[in-house]
Amino acid sequence: MSLTSFDTVMRREQFIEGERHVHRAVVGFRTGSGNALVRNDGGVVSTLELFRRRAVPLLAAGRIERHRWLLAFWLLGGAAIGLLSLACAALGFNLTPAALVLLLVVIFLALFDSCISSIFFSVLAVGCLNFWFVGPLHTFIIGSRHELATLIVFLLSSLFAACLIRLVHSLGVSEREQASLLDLTSDAVFVRDADDIITYWNRGAEELYGWSRHEAIGKVAHELLKTRFQVSLLEINDALRRSGRWEGELIRTTRTGRRISVSSRWSHRLEDRRNSVGTLECNTDISERKRTEDELNRSQAAYLAEAQKLSNTGSFGWNLSTGELFWSAETFRIFGVEEGATPSMALVLERTHPDDLPVVRDLLVKAHADRRDFRHEHRLLMPNGDVKHVRVVARCDFGSKNSPQFVGAVMDITAQKEAYAKLEKSEQRYRYLFDRMPIALWQLNASNLVAQFKQLRSEGVTDLDTYFDENPAFLRSCMEAMIFEEANERGVQMFGGRGADEFKGKSVVGTFEESSATFRRAMVSRYRGNTNFEEETKMVTLDGRIVDVLFTTARVGLSKDPDTSLVGVLDISARVEAERRLQQVQAEFAHAARLSVLGELTASIAHEINQPLAAIANAGAAGLRWINRPKPDLDEVRDSLTSMLHDAKRAAELIGRIRAMANGKPPERTQLDLDEVIQEALQFLRHEIQARSATVTHEKSRQPLVIAGDRTQVHQVIVNLAINALQAPRPQRSNPHIVVRSGTSARNRAVFTVEDNGAGINPGHANRLFESFFTTKETGMGMGLRICKSIVEAHGGEITADTVSSIGGACFSVNLPIVPA
């Protein structure tokens, strides 16, 4: 089938639309009103307009040449008609055969020019017939009606035949022009008849597939190109019969054997709505695009897999109709299943923690029945006994009515759960400590005070202390400007309140009745821009009591929120009383010292009590340093106070132990983890360690060491040895370094050693180290090592000293019996 015949039977609108979509170039079509051109932007330009735009200027330039050629053509054509008429007359032809010969000549001449030339030659032929073959001869008179009718029929026949031949010729030229236009596009365009035989093959098809036009025409298209369909050919043909069009992707094989992907558009025409006329197929090579898409998809899949791995989030699909599950690689990892395994609901329930199994089973059943989105958290029990927490989020997809499915994600939130539990535990612990620590905390609103200070600065006041002297009433105005906002539990208890609400809205005037000088110095400090202020003073409680306190104020966020002040009040009444009584005791002790000499027992008691008291003093000093910093570190202050409480408790326990020993009561023996006791003892000395910039290393035993003993006494041994190591003489600019090791001896006894990097033990002193009152320190009592030896021996152990350690100083070793399992 030719392209012209195909174009005649195919619907004009489908053909134009297909060419617009494929060619991206100028393609010509024949419309119902004549020839037309379709631009690449979809517009239609008529032949007349194209002639006006392009051809008219050329014809105007060659009009003279055209007239000359036409005159010559008419002369030659007329001469040919005249000569043939003479020849027919000479041969004795009558009107009928002569008319036939001239008709053929007219038709032949009509091929070379327009209809005007055809009319001219037809009229000339009629004149020749009338002159030579109609009587009377050699005249232009028609003698009979029959001959007149014959000439009229000849004239009409010649005109009709000439116009018809001219039209056929024009159609052939149009066909060749359209075929040449189709060759301009880079797309592969070919036409198949009802039997899939190729009837047209453009240049784009030659370049894409490799077969020439002569080689392709007459071949079965799908066999020649070895077409692979992504949908069945039957479905494609059904779509063509329904709509006359089909678009999709095909895989074709070129002449060289290379397989390519093409985007194919088919336009189909049926004759009488039943018989197929043929199919126009336009193909675009998308192989490179497909490769790019495949690479992009692989890249996206790799990024997705990596993102799921980093976020511990896997994806899944659940087909409700078939029950099939689809898991990503991360989902397999979360459930602890090899990727090659087939996921199933049975496997999901198998991995679910037994305690959560009923809830998960009910959730899945309800989700399958209701087809609603769900979100749930539960635990997984892995084969090795590990427990995982997962969060499952799923959405029901109704994209396919026949096969609804859930699409969702599985997130491993084990780490989040553990972190949240630790955070919650930490918050509870610190909240508990905050609420019960012996420090009253207040939050004060100082907005009115800030406004007053701004007014003073605008007036040029730089020395607030002098201004107070000149304006005594301004001090009370400052007190009234400081308003209570919040108070913690200790603050309420310390100042005799019934609740935090009792403080809210009140000024601090009554609180500072007995300490206006302290408040004045605090205001001067604030006016100077200091971020904190601290002083020991007296305050009045709500119930009228006067208490000794350590007053501390911090302007938190002074630059951003100057209206807020945080005040800490530490009740030091007991400490003040203790200091007073200590002074009294010291006086009495000095008097008693002049009367008698301390015995070994008295020295032991004093040394035992001195250790926790020294720790309390160190902790208090450290707390003061932390709170005196430009930005107080309240966490460190809390730690110092906690340490002071622990040491105070330890002192009380020591006194109780000593009293028990004096009364003959045996120590309280319990099972102790030696490494745990060492860690606790070192914790007692953390402030001393920090103050001396020391380094302490605890090398724990590989296995638990359980001993039977009194925890307080074992603490005392470790503390005494560690303090000696810290205070050991060493070269200048050398920081103390202590190593505490624990392990087992050859006799299967628990052993721990305390080593330092000091100057070591003088060989002459080695035999006297554990004697009472022997010391090398200027302020030492000589009872520390003696007490350690007594405690260790009371526990059935031994203590020894070595003059050489692994880090260069002294080494003390203690071994104790291990409690059988």
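With which residue does aspartate 355 form a salt bridge? In this predicted model, the partner is arginine 379, and the closest N and O atoms of the two residues are 3.8 Å apart. The structure as a whole holds 27 salt bridges.

Strand E12 leads on to a sheet. Five strands make up this open sheet, in the order E11-E10-E14-E13-E12, with antiparallel pairing. Strand E11 (325-327) and E12 lie at the edges, each pairing on one side only. On average, and with direction ignored, neighbouring strands here are turned by 25° against each other. Helix H15 lies across E10, E12 and strand E14 (405-412), and runs at about 145° to E12.

A further antiparallel pairing is found between strand E17 (residues 532-540) and strand E18 (residues 546-554), which are joined by nine bridges. Within this pairing, threonine 537 has valine 549 in E18 as its bridge partner. The two strands form a hairpin with five residues between them, and glycine 544 takes a positive phi near 90° there.

Helix packing can be followed in another pair of elements. Two packed helices are described by the angle between their axes and the distance between the axes. For helix H17 (residues 447-458) and helix H21 (residues 516-527), the axes come within 12 Å and cross at roughly 65°. This crossing is right-handed. On the H17 side, the contact is made by Leu449, Val450, Phe453, Leu456 and Arg457, and on the H21 side by Met523, Arg526 and Tyr527. Sorted by class, the contact comprises six nonpolar residues, two charged residues and no polar ones.

Lysine 290 is placed in helix H12 (residues 287-311). Leaving aside residues up to four places away in sequence, lysine 290 touches Glu249 and Ser261. With glutamate 249, the side chain of lysine 290 makes a polar contact of 3.1 Å. Serine 261 is 29 residues from lysine 290 along the chain, and the C-alpha atoms of the two are separated by 7.4 Å.

Definitions and conventions. Residues are numbered from 1 along each chain as its sequence is written. This is a predicted model: local features need pLDDT of at least 70, side-chain atom pairs count only at pLDDT 80 or more; totals for chains, interfaces and linings use all residues. Side-chain values use heavy atoms; hydrogens and water are left out. Two strands pair if DSSP finds at least two bridges between them. Helices (H or I, at least four residues) and strands (E, at least two) are DSSP runs, numbered from the N terminus. Axes are lines fitted to C-alpha atoms, for helices over the stretch in contact, and angles run from 0 to 180 degrees between N-to-C directions. A crossing is left-handed if the near helix is turned anticlockwise from the far one by less than a right angle, and right-handed if clockwise. Contact means heavy atoms within 4.5 Å. Ala, Val, Leu, Ile, Met, Phe, Trp, Tyr, Cys and Pro count as nonpolar, Asp, Glu, Lys and Arg as charged, and the others, Gly among them, as polar. A polar contact is a pair of N or O atoms within 3.5 Å; within protein, one must be able to donate a hydrogen and the other to accept it, and residues adjacent in sequence count only if both atoms are side-chain atoms. A salt bridge is a side-chain nitrogen of Lys or Arg within 4 Å of a carboxyl oxygen of Asp or Glu.
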